[in-house]
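The tour below goes from stop to stop, with a selection at each one.

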Amino acid sequence: MTDLKVGVPTVTISHAAQFDGRTVALCGWLYNLRKSGKILFPIFRDGTGLMQGVVVKSTVQEEVFQRVKDLTQESSLRATGKIRAEPRAPGGYEMDVADVEVLQRVPEEDPYPITPKEHGIEFLMDHRHLWLRSSRQHAILRVRHEVIRAVRDYLDGHGFTLVDTPILTPAACEGTTTLFEVPYFEDDKAYLAQSGQLYNEATIMAFGKTYCFGPTFRAERSKTRRHLTEFWMVEPEVAFATLDDIMELAEGFICSIVRRVLANRRQELATLERDVSQLEKVEPPFPRISYDVAVERLQKKGSEIRWGGDFGGGDETMIGEDFDRPVMVHRYPAQVKAFYMQPDPQRPELALGVDVLAPEGYGEIIGGGQRIHALDLLLRRIEEHKLPREAFEWYLDLRKYGAVPHSGFGMGIERMVAWLCGLEHVRETIAFPRMLYRLRP
Ligand code: 4AD
Ligand code: MG
């Protein structure tokens, strides 16, 4: 430390405006360096933003000029200088650099692997631990954080109690084909949770309205732009609620998240070149169409879908493209849905379930519905689905001791973020994605 720094406050780039005209220190990394004869323009990043520095040869000590000139991309540093308003600069401010202390200089012989030139996606994914520093990835993860905060605030503000559900579970929730099995001590095995729903069907009988929010696992063999093997799901569950009630909840929930991101993450959406006018249209009411109507619409558009089949990703895209906001498709054939779905009393071959499909080709972001509350029917379904009854005894108890109609849904955070950010693939919406062929870094 030189004398110059005594009494100099260390500030973040996001707060630099408050220090206009003052000498401050920034701790960060070298993002880029432009050299133009006797002036250097280093761009610093510190996790809160980017700031251009200006180093004029005639106004700094010779060795400071040389040190900055020799800086390599992503070297860590502490820069000291005066903050000055500069309308043409990205954040509106620049730093007249007086000194730079280098904490670690990235060596020329082993330079930072991610350069401004184009890299292939596999290369970037292999370097995900570094790629996170780039402005696009930074913007996406900031949107993700905002989505998560909005999710929590909405549910906390609507009378829900957060209950964390287990990750090691003894049985399947969403079908046995996507279970990750793990050994569980002697002679026993467990499965990584596919959903916390079954447990929150228990907790709502204690609290009325609950939600869980955590990592969820699916051994998905599908290699699509919408599937991860580990993703984060938020699942609200409500006692005494019907399918209609939770469709209304889903509508308010989605709108509040979209509004919140529009209000607080404009800058990030701009970095991502997201067309926000599409998001501004997301207001209630959302269209609600039955599965029957959705199938008719799809057939007219040339889809191969037959009544009774589940929608593929392409079908979801086609349904969604007719609407400027999310569409709720309800009452699917029971045969394509999970064992716990309450049948429609008018047409028992249908399940009182709903999928919310995002516009702009993003497909399903929410899945949910009303749950079976009658013991005999639930028992029958467990048998039909060849599920081990022993593992569900506790779940059956909920139908013996004060059963009530109840409903809920799950929203995948990554699908939501992909849509809000306008991304092609969910892999960029989580810091370290897990997919069929990716477990590293
Ligand atoms: O439709 P899903 O499978 O529903 C359930 O798990 C219910 N138990 C939820 C409930 O009612 N409490 O999954 C819900 C949502 C999907 O709409 C999607 O957003 C996300 O979770 N999702 C995935 N996201 C990324 N990768 C995957 N493999 C996903 N599978 C589901
Ligand atoms: Mg689903």
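Start by selecting P285, which sits in the loop between helix 8 (276-280) and strand 12 (288-290). Helices (H or I, at least four residues) and strands (E, at least two) are DSSP runs, numbered from the N terminus. P284 and P285 are joined by a cis peptide bond, with omega about 0 degrees.

Before moving on, note that this is a predicted model, in which local features need pLDDT of at least 70 and side-chain atom pairs count only at pLDDT 80 or more, while totals for chains, interfaces and linings use all residues. Residues are numbered from 1 along each chain as its sequence is written, chains are lettered from A and ligands numbered from 1 in the order in which they are written, and side-chain values use heavy atoms, with hydrogens and water left out.

**Other backbone stops**

Next select P441, in the segment after helix 13. The bond between R440 and P441 is also a cis peptide bond, and its omega is about 0 degrees. Then go to E74, in the loop between helix 1 (62-69) and strand 4 (76-85). E74 is not a glycine, yet its phi is positive, at about 75 degrees. Most residues other than glycine have a negative phi, and most peptide bonds are trans.

**The largest pocket**

Now select E174, R218, E220, K337 and E364, the closest to the centre of the largest pocket among its 46 lining residues. The volume of this pocket is about 1300 Å³. On a 1 Å grid over the protein atoms alone, a pocket is an open set of points with protein on both sides within 12 Å along at least five of seven lines, whereas a cavity is a set where a 1.4 Å probe fits but cannot get out; lining residues have an atom within 4 Å of a point. Grid points are joined across faces, edges and corners, and a volume is the space filled by probe spheres set on the points.

Colour the lining by class: 16 residues are nonpolar, 16 polar and 14 charged. Here Ala, Val, Leu, Ile, Met, Phe, Trp, Tyr, Cys and Pro count as nonpolar, Asp, Glu, Lys and Arg as charged, and the others, Gly among them, as polar. Then show strand 15 (363-371), one of the elements that supply at least two lining residues. Strand 15 gives the most to this lining, with six residues.

**Ligand 1**

What takes up the space of the largest pocket? Ligand 1 does; a molecule sits in a pocket or cavity if more than half of its atoms lie within 2 Å of its grid points. Select the 23 residues that surround ligand 1, of which E174, Q197, R218, E235 and E364 are the closest. A residue is near a molecule if one of its heavy atoms lies within 4 Å of it. This shell holds seven nonpolar, eight polar and eight charged residues, and strand 15 has the largest share of it, six residues.

A polar side-chain atom of E235 is 2.7 Å from a nitrogen atom of ligand 1. A backbone N or O atom of F409 is 3.4 Å from a nitrogen atom of ligand 1. Taken alone, ligand 1 exposes 630 Å², and the protein buries 94% of that (Shrake-Rupley method, 1.4 Å probe).

**The cavities**

Two cavities of 30 Å³ or more are found in the whole structure. For the largest cavity, select T169, A171, A172, L198 and Y199, which lie nearest its centre among 15 lining residues. The volume of the largest cavity is about 100 Å³, and its lining has 12 nonpolar, three polar and no charged residues.

Finish at the second largest cavity, with about 50 Å³ of space. Its lining includes R225, R226, Y362 and R415, and divides into four nonpolar, one polar and four charged residues.

Methods
Polar contact = N/O pair within 3.5 Å; in protein donor to acceptor, adjacent residues only side chain to side chain.
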